[in-house]
Amino acid sequence: MKKLSKRQSSIIYMKENGALFSCPICSEEMEVFDDGNIQCNNRHNFTIAKQGYVNFLTKNVQTMYSKSLFESRKKVIEYGLYNEMQHQIANLIDSSAHRVLDTGCGEGSHLVRICNLLQQKVIGIGIDIAKEGIITAAKFYEDKIWCVGDLANSPFQKDSFDVILNILSPANYDEFKRLLKKNGKVIKVVPRSNYLIELRKQVFTNTEREDYTNEQTVIRFYEQFSKVEKHSITYRVPLNKEMIPHLLKMTPLSWHLEQQNISLQEITIDVDILVGEG
Ligand SMILES: C[S@@+](CC[C@H](N)C(=O)[O-])C[C@H]1O[C@@H](n2cnc3c(N)ncnc32)[C@H](O)[C@@H]1O
Ligand SMILES: [Zn+2]
């Protein structure tokens, strides 16, 4: 039998999950049609692209995140830098969870790896405002729903998700609460002061940018959600030389300016995983 195109498989999968979508312009329900159009009752229309993702933005948004940044992020994630963090997150997801949304999913590897660690089969949906991230995600990972969109005005129905992931990305808590099912969980990852510290020390010598605290973000999370838990994790991963340029390139901060003399044997992951109910 002929293999379905990426677009065709996405149309089928999005149609199966069509009840998820809500128009980002007028909030009406949407229908996924066999020709790959997703349309609301007011005829606002979005089309599934040939790569299998759908762009729900109503205007072009320029971001600092480029294709090569996302490719470097993917390499670093595949190298295993975030394995321990992903395991911890997977352990925090109940076996009854059925739909998982990753907000600010970038190139999608965290969502895919976390879903793969779960015992149950889940529907994974990733949304990011950077088209380059979503195109990379759709290129490599087929069995997910990939959307370009703004997490503050998302194209999804209320009460839709058991888990909302928000990993090293900006958040919108009102929107997260709208999207969460009753007893659903937000799992947010925020860096702590030693996150990638070996790199920051070498790049930001003698500047205040070496120091970072997540205190305000953590306080705000406690204010917004109930039953909050904070899991702090810190670990070091040995590095090989080939990874250093990707580590430098994977953030939009100034440290991806050409740094010739960086030498790193290992790198620290130091993050808080915040869990709360809506
Ligand atoms: C530091 S990256 C993290 C990406 C991914 N979670 C990871 O850890 O590899 C932050 C991401 O948030 C996305 N982002 C920023 N503002 C957003 C918004 N309003 N809606 C959706 N995504 C957004 C960016 O495009 C970027 O991909
Ligand atoms: Zn509409």
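User: Is Lys185 buried or exposed?

Analyst: First, a caution: this is a predicted model. Lys185 is buried, because its relative accessible area is 17% and the cut-off for buried is under 20%.

User: Which residue forms a salt bridge with Lys185?

Analyst: Asp94 does. The closest N and O atoms of Lys185 and Asp94 are 3.4 Å apart. Lys185 sits in strand E9, while Asp94 sits in the loop between H3 and strand E5 (99-103), so this pair ties together parts that are 91 residues apart in sequence. Asp94 itself is partly exposed, at 41% relative accessible area.

User: How many salt bridges does the structure hold?

Analyst: Twelve. Take another one of them: Lys227 with Glu277, whose closest N and O atoms are 3.6 Å apart. Lys227 belongs to strand E10 and Glu277 to strand E11, so the pair ties together parts 50 residues apart in sequence. Lys227 counts as exposed, at 61% relative accessibility, whereas Glu277 counts as buried, at 16%. Elsewhere, salt bridges with shared partners join Arg192, Asp270 and Asp272 into one network.

User: What separates Lys67 and Glu71 within helix H2?

Analyst: About one helical turn, because they are four residues apart in H2 (residues 67-79). Lys67 is partly exposed, at 45% relative accessibility. Glu71 is partly exposed too, with a relative accessible area of 31%.

User: How do I read the packing of H2 and helix H4?

Analyst: Start with the general idea. Two packed helices are described by the angle between their axes and the distance between the axes. Here, H2 and H4 (residues 109-117) pack at about 30°, with axes 10 Å apart. Angles under 35 degrees count as roughly parallel, and H2 and H4 are therefore roughly parallel to each other. From H2, the contact is made by Lys74, Ile77 and Glu78; from H4, by Ser109, His110 and Arg113.

User: Now the sheet. What is the order of its strands?

Analyst: The general idea again comes first. Strands of a sheet pair through backbone hydrogen bonds, either parallel or antiparallel. This open sheet has eight strands with mixed pairing, in the order E4-E7-E6-E5-E8-E9-E11-E10. Strand E4 (54-55) and strand E10 (226-238) stand at the edges; each has a single partner strand, so one side of each is left without a neighbour in the sheet.

User: In which sense do E10 and strand E11 pair?

Analyst: Antiparallel, over eleven bridges, with E11 spanning residues 266-277. To find a spot in E11, look at Ile273: His231 stands opposite it.

User: Which helix lies across E8, strand E9, E10 and E11?

Analyst: Helix H3 (residues 83-91). Its direction is at about 155° to E10.

User: How should I read a single loop residue? Where does Ser169 lie?

Analyst: Take location, burial and contacts in turn. Ser169 lies in the loop between strand E8 (161-167) and helix H6 (173-179). Ser169 counts as buried, because its relative accessibility is 13%.

User: What is Ser169 in contact with, leaving aside its neighbours within four places in sequence?

Analyst: Thr103, Gly104 and Lys188.

How values were computed. Residues numbered from 1 in each chain as written. Chains lettered and ligands numbered in written order. Predicted model: local features only at pLDDT ≥ 70, side-chain atom pairs only at ≥ 80, totals over all residues. Heavy atoms only, no water. Helix = DSSP H or I, 4+ residues; strand = E, 2+ residues; numbered from the N terminus. Buried < 20%, exposed > 50% of the residue type's maximum accessible area, 1.4 Å probe, protein only. Contact = heavy atoms within 4.5 Å. Pairing = 2+ DSSP bridges. Axes fitted to C-alpha atoms, helices over the stretch in contact; angles between N-to-C directions. Salt bridge = Lys/Arg side-chain N within 4 Å of Asp/Glu carboxyl O. Parallel < 35°, antiparallel > 145°, perpendicular 65-115°, else oblique.
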